[in-house]
Amino acid sequence: MPRGDLYNFLKIRDAIDSVGEKVNLIGVVLECGFPRKTKGTDWFCSVRIIDETHQDPGLPVNVFTQTRNQLPRILSVGDIIQFQRVLMKIHDDKINAVFYKKYSSFAIYEGRDGRNLVPYQTYETFREKDLDKNFVIDLRRWLQNFQFDEGANYFSLIREINGGESFNMVCKIIHIHEGAGNEWMAFVWDGTDAPPSNILQKLEDEMHHPLPLHLESLPLPRDTLCSFPSVGTVLRVVSQDIENDNLRLLKTGEWVKLLNLLCEVHAGLWRCVLTPFTKLRYTPNEDRLKLERQRLYDERLSRSPQSLRRMPFWSLPWPSQVTEVDGDDDDDHAIFLTLMDVLTSSEVTASFKCVVRVIAAFPWQAKDFCFPAGIDRIRLTLEDSTARIHAFLYAEDGVKFFDGQSFVKALESKLNALLGVIADNDGEQNDTRRNPPWVQVCLKSQSDKLGSRHYRIFGTKLVA
């Protein structure tokens with residue numbers, strides 16, 4: 001019987017030895033890429049499949065169709081797909097299967113936990129057979145105890161990312177945001193803190209081009225923020241040259257593996273980019289790398305002493321001595337909280353003790369601080385690994401913050417130390433790159449007549 005006969009399925013291990021032949025395959029979707037247009041008139045996507053005979057690295061199947069809607073529309077990585085009459089080929093010394101629109105076909109079924117034996121998508125020329133159901137049942141049974149053996153070094157933690165580089169990540173989808181127009185953004189988390197980035201903006205730029213508090217065009221609703229973890233960086237993921245309806249594989253609350261993400265820094269804020277070359281990989285509930293990240297997070301929240309549990313990873317073992325705060329270890333607010341704790345607090349009027357970086361000030365010149373009459377109002381931009389906020393210095397809190405200093409030069413020196421400014425002998429900023437130190441601050445929240453929350457700094461002294 002010819003190997004391309006519709007009733008003859010090959011195991012992937014055997015198909016790899018059948019280069020140059022048309023074969024029929026059925027396997028589990030280990031990875032899938034996003035659809036993209038070829039240089040010609042066709043549409044393309046890549047699917048990597050596995051079965052009990054071959055898992056690492058799996059078999060790539062390159063699918064070419066006339067329209068985008070004809071491509072496989074996989075609902076979940078880990079679903080089962082069968083291909084009829086795909087051609088086994090070698091490209092760049094690697095074996096793959098190629099789906100040709102003129103004579104190939106496919107059908108896609110629900111994965112391990114599925115009960116329906118009817119495919120949820122079929123190619124227009126697909127011919128279903130009674131034996132198909134047995135293959136689907138066998139693969140679902142095999143998946144129950146399957147663990148894909150991946151090296152831990154193949155995937156990076158969020159705390160290990162580097163700007164301008166591509167990387168792979170295991171993360172939980174916290175939220176999917178679809179804004180006005182074509183704005184789309186995913187919020188992902190793995191329990192670790194992204195590294196602090198250099199601030200590349202001059203102090204005076206804060207007047208006309210203030211550093212943003214977030215990357216999305218409008219702030220997220222409070223009820224959305226309250227669903228975010230308050231420890232660990234929630235990383236923004238945006239799409240590049242990918243139509244939003246192709247992002248249906250990313251579902252809130254699920255853990256995913258994202259391969260070949262591009263990491264970028266915008267205004268000191270981290271973001272990742274899904275490109276046409278990004279792929280999603282199967283991540284079962286019992287995945288070893290997923291469980292490892294959950295274990296690291298649980299260990300973080302149980303470390304001793306308790307006051308260190310929510311401190312930014314990059315401020316350990318202790319923040320700088322640039323500031324001092326009131327209170328002692330017996331104070332009600334001695335435990336450090338994150339800025340996400342501050343933003344999502346159920347108490348409208350409350351006090352907090354945080355470890356942050358001060359990345360901007362407005363006004364930025366000490367001569368505008370209204371001394372010796374006292375501090376009129378200074379807006380500081382604070383950030384930690386979870387969020388950015390504006391916090392204000394007023395009156396006696398401002399006087400205390402600057403330790404009663406009224407000389408402009410002394411104030412400038414203190415402010416430069418706080419903001420990470422390297423100044424020349426004339427006090428001019430000679431390097432736009434700044435890396436502000438981690439400092440302790442006490443914050444107080446309050447609301448205005450419209451119910452909006454504002455934050456002020458109190459009980460904090462700048463001693464640098």
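This is a predicted model: local features need pLDDT of at least 70, side-chain atom pairs count only at pLDDT 80 or more; totals for chains, interfaces and linings use all residues.
Reader: In which loop does D93 lie?
Author: Residues are numbered from 1 along each chain as its sequence is written, and side-chain values use heavy atoms, leaving out hydrogens and water. Helices (H or I, at least four residues) and strands (E, at least two) are DSSP runs, numbered from the N terminus. On that basis, the loop that holds D93 is the one between strand 5 (80–91) and strand 6 (94–99).

Reader: What is the phi of D93?
Author: D93 is a residue other than glycine, yet its phi is positive. The value is near 65°.

Reader: Which residue does F362 join through a cis peptide bond?
Author: Here omega is about 0°. The partner is P363.

Reader: Which residue meets R48 in a salt bridge?
Author: A salt bridge is a side-chain nitrogen of Lys or Arg within 4 Å of a carboxyl oxygen of Asp or Glu, and the structure holds 20. For R48 the N to O distance is 3.4 Å, and the partner is E31. Because R48 lies in strand 3 (residues 43–51) and its partner in strand 1 (residues 22–33), the pair ties together parts 17 residues apart in sequence. The residue asked for is E31.

Reader: How far apart do the C-alpha centres of domain 2 and domain 3 lie?
Author: The domain bounds come from an automatic or database domain assignment. They give domain 1 (9–145), domain 2 (158–205 + 221–303) and domain 3 (313–462). The centres of domain 2 and domain 3 are separated by 28 Å.

Reader: Which residues of domain 2 lose the most area to domain 3?
Author: Buried area is the accessible area (1.4 Å probe) that two parts lose on being put together, summed over both. Domain 2 and domain 3 bury about 2,300 Å², with 57% of it on carbon and sulfur atoms. Together, the residues asked for make up 29% of what the domain 2 side buries. They are I199, L203 and R222.

Reader: How many salt bridges are counted between domain 2 and domain 3?
Author: Contact (heavy atoms within 4.5 Å) takes 27 residues from domain 2 and 28 residues from domain 3. The salt-bridge count between these two domains is zero.
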